[in-house]
Amino acid sequence: MTTKSLGGALALSLLAATAFTSVASADTLTMWVRASGTNAATNLVNLWNASHPDKIELTTIPDNQMVTKLATGVQAKDVPDLVSFDLIYMPDFMKAGFLTDLTAALKADPNYASVAKAYQDIATYDGKIYGAGFTPDVSILIWNKDLFKKAGLDPEKGPTSIGEIHDDAKKIRALGGDTYGFYFSGSCPGCNIFTGSPLMVAAGSKMLPANGKDEALTGDGVKAVLDAYKAMWTEGLVPKSAQADNGSDFVSQFKSGKIGIQGAGGFVIADFKKDVPNMNFGITFLPGMKDGQTSAFVGGDVVAVPVGSKHVDLAKAFISWELTDEAQIEGLAKNNILPSRPSLADNKYFKAEPKLITTAKALGVGYVPWVFHFNEMVNSDSSPWINMLQRAVFDGDVDGAIKEAREKMKAIAGE
Amino acid sequence: MNGVQARRRRRGWLYIAPALLFVLLVVIVPFGQLIALSFSNQSLLGGGHFVGFDNYVKIWNDSAFWRALGFTLKYTLLLTPILMGLGYALALLTVDNTPLKKATRTIVFLPVVIGLGSSSLLWIWLFNEQVGLLNKALVDLHIIDAPIVWFISADVAFWAVAISVTWKVVGFGTVLFVAGIQSINSEILEAAVIDGAGYWARVWRIILPLTRRVLLLTTLISVIGSLLALDQFYIMTAGGPRGQTFTAVYWIYQNSFVAFKLGYGAALSVVLTAIIMALSALQIALSNRGKAE
Amino acid sequence: MSAAAIPAPAAARPARALSPTAYLVGAICVAVSALMAAPLVLSFLASIKTTADASAVPPSYLPQALSGESYMKVVNFQAGLATYVGNSALVAGITIVACLLLAAPAGYGLARFQFRGKEIAFLLLLAPIMIPYQALLTPLYLDFAKLGLANSHFGLALVHTVLQLPFSIYLMRSAFEAVPKEIEEAASMDGCSSWQSLLRVFLPLTFPGLVTVGLFAFINSWNEFLGALIFMNHETDFTVPIMIVSVRTGHLGAVDWGALQASVVISIVPCLAVYLLLQRYYISGLLAGAVK
């Protein structure tokens, strides 16, 4: 006999009692969301719950357990009705047949057609659509305007090339003390694919192989960026502590006003407003080698319907709803979150905060890698990606690092 | 064999039957499934087929696993004497039931009740060179000039983890040893004092030998725990730098849940379990032989 | 069983004057206590800072301004602290009961009966601690799902029980072994069956051992994370450790240090309370338990 918690029993009896008095049949949908996407998702879910009889119940899953939970859930036939997760898992999930085919519902939806191309790409497999952009985030470059002014740089003009980042960082480091020119989390694979790879892509490289025959880390961009990072490291423009930072201090030093320039995500806008409202900072696209080359990593969560969901139609309705103007503007934009439809970037809430408009535009110039085993290739603590970064920047062997990473990534892609 | 003895023997089995059945169902059965899984190349995301002994052959050639295992053994060999030695020393220190010593015992035991995940993060916070207070304290006390970055060198990272784990678990051994020492018949010790034996002589010749059993039990538990270490490295070093601090279980985790290779991870688990059982049997045999002398 | 103190130098003697050695020992005790308590004290101080202050670079020992921000974050997270605590307490409670029900008879059987294969059975009962339990969780979850035990606190408690069982059985076995044979013989001469002996004679005598088993079952169940996450699918069923991980996680691995400290303090308090309450049983429990 299974014993549910007392709370569960109480809730059940309450539900039974109210069932006789409630309208029609109000269903409850379950939805899983990863921990770092919870705040954003809650906005949309609350908005839906306020205006719909069928309520959505959110369950927060720690980020790096989401795949395991979904996988075991599908196998045990116990899945939520909706799931919001890091979009880089889409290819693996689609291939494994975990997600419900939404093509019919979404292809006909004009709102879906105006979703950022990166989100459409990542949610398509074999011509079928399995999900939609949900709570987007995108990477951008931020700079400390006060430090720029102090260093004699134009505080309103952010760097527009990797070379300029290097030069500006040098000038800021010259201010001395514990002020540094540049920052990156040296032991955080995710942080660097998010903020470092767009520099490489902007400079003309293609990053990850889609299968065993595809090439990895093509072009000159990878070497150019790694050379720049290595130079900034050896010249002492980056704090020593960055080497061991696994992401836990991703923006801590910038927030303390000690860093001139670094890559970050759109989430900092709301974050800084809350924690350091007096911080004077600028936002621009992540640049390549030459002026005019820009890119971004299009990230955040997608929403999908797991196979085995017990409320498929309602779930589809939710997804259609979250793509509407109302949901995107009142649910996301109002809370400083990017809408997944770039056409809505010029909304009334963003007008008050121009940084958000820039960030929303970054969605349009950004890329997202469509690969299997992204976790193993990039995010894992033993991934070829982080090994390459650390070998190139901290050990100084840029060419060897790139060569090794290319081979390992191809091997993983061929699995 | 008379009826009474036979009945008693059956009774004995009856009493241990529920626990035995429970372990069989909740551990042995899934372990059997794990073994079955190890003969396939099943992915975490489903699918896969029978591959015979392929996984085990792969393990033989998996240098990363053996490196992780070697690191785990080094960790165990270095940490166990520290934990046992410090634990026993603290036990000797606080064995009297004076208020001060009882309070010390409580405070030493306190970290044991925290989860290992929380404790690891607590120490990562302390060691963090950006927001951590340990570095600040060391600098303020003029012990060092500049904050140490604790996790960029594998050796320093190792000792950082060792410090945090020692803090967390030394109390467990201490309390066990205190109980052991307190149960020694006071007459034996008083006789030794009368015979003129000094404090350390009493410790060496009487207390240590008479607490042998609890020492061996605690060491065994500690060794097995260290061989299965995961959380503290997962949280504090992320296996770094450059994968030098992966433990055996961490490597299994990477294979099963990050690279999705469930079948291969299962084979690694089986191999690791076999190694641990062998080491434990060895430890028990050595301690039994010692006892017989 | 005489709980004797070692005749320590002077300090335990009735004489009022303390020798220099006693002062030294006392000083060492204080130093050890300070060192061991320091991380927890610092953690508490950080938990009452504002969020920004808790992540400040460089850090400060004392809060610039007192703030309950971090605690509010933890208390109000998702389903609310009360729900998580209730779930954890429920699972821990079932675990304690199951451990006692299984370990006491098993320890009794191992300690007071002779039968062939006893030591092998004992090793089998100890085997669970040698297996990396993370590897067992996935097959176990799928098995439980087929039996309808997935998603239930009872199922999770069964997993916690089996993790605690080896240590519990060892403790109970030692506790039962410590009871003098004469007492058992007297009971059987009075006509008690083995079961009656267990209930009326042995259990009261090994009560401290039972309390120790209960305490460790509570602590380990309360802090267990991975099994709880894998076996539960609804936020309202989650336990405290899961909440702790989620509340501190930020983007790309960023950690909300203030929330971390607050959640550490919150999760320690119940365990500390249980430990202090049971302290006198606990110490003498281990005494009868692991010593012989």
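**Reading the model**

Mentor: Let us begin with Leu25(B), which is found in helix H1 of chain B; helices (H or I, at least four residues) and strands (E, at least two) are DSSP runs, numbered from the N terminus. This is a predicted model, in which local features need pLDDT of at least 70 and side-chain atom pairs count only at pLDDT 80 or more, while totals for chains, interfaces and linings use all residues. Residues are numbered from 1 along each chain as its sequence is written, chains are lettered from A and ligands numbered from 1 in the order in which they are written, and side-chain values use heavy atoms, with hydrogens and water left out.

Trainee: Is Leu25(B) buried or exposed?

Mentor: Leu25(B) is exposed, with a relative accessible area of 56%. Buried means under 20% relative accessible area, exposed over 50%, and partly exposed in between (1.4 Å probe, protein chains only).

Trainee: Which residues make the nonpolar surface patch?

Mentor: A patch of this kind joins nonpolar side chains (Val, Leu, Ile, Met, Phe, Trp, Tyr) within 5 Å, like charges being joined within 9 Å, from residues with over 30% relative accessible area and no salt bridge. Here Leu21(B), Leu24(B), Leu25(B), Ile28(B), Val29(B) and Leu124(C) form a patch of about 490 Å². Helix H1 (residues 3–38) of chain B gives the largest share, five residues. An α-helix has 3.6 residues a turn, so residues three or four places apart point the same way.

Trainee: How many helices and strands does chain B have?

Mentor: Chain B has 13 helices and zero strands. Its C-alpha trace spans about 80 × 75 × 30 Å along the principal axes. Of its 293 residues, 58% count as buried.

Trainee: Why is H12(B) described as largely enclosed?

Mentor: H12(B) is largely enclosed by the rest of the structure because 11 of its 11 residues are buried. Among them are Trp251(B), Gln254(B), Asn255(B) and Phe257(B). H12(B) is followed by Phe260(B), whose phi is positive, near 65°.

Trainee: What is the area buried between chain A and chain C?

Mentor: Buried area is the accessible area (1.4 Å probe) that two parts lose on being put together, summed over both. Between chain A and chain C it is about 3100 Å², of which carbon and sulfur atoms give 60%. There are zero salt bridges between chain A and chain C, a salt bridge being a side-chain nitrogen of Lys or Arg within 4 Å of a carboxyl oxygen of Asp or Glu. On the side of chain A that touches chain C, the largest share, five residues, comes from E2(A).

How values were computed
Accessible areas come from the Shrake-Rupley method with a 1.4 Å probe; for residues, only the protein chains shown count as cover.
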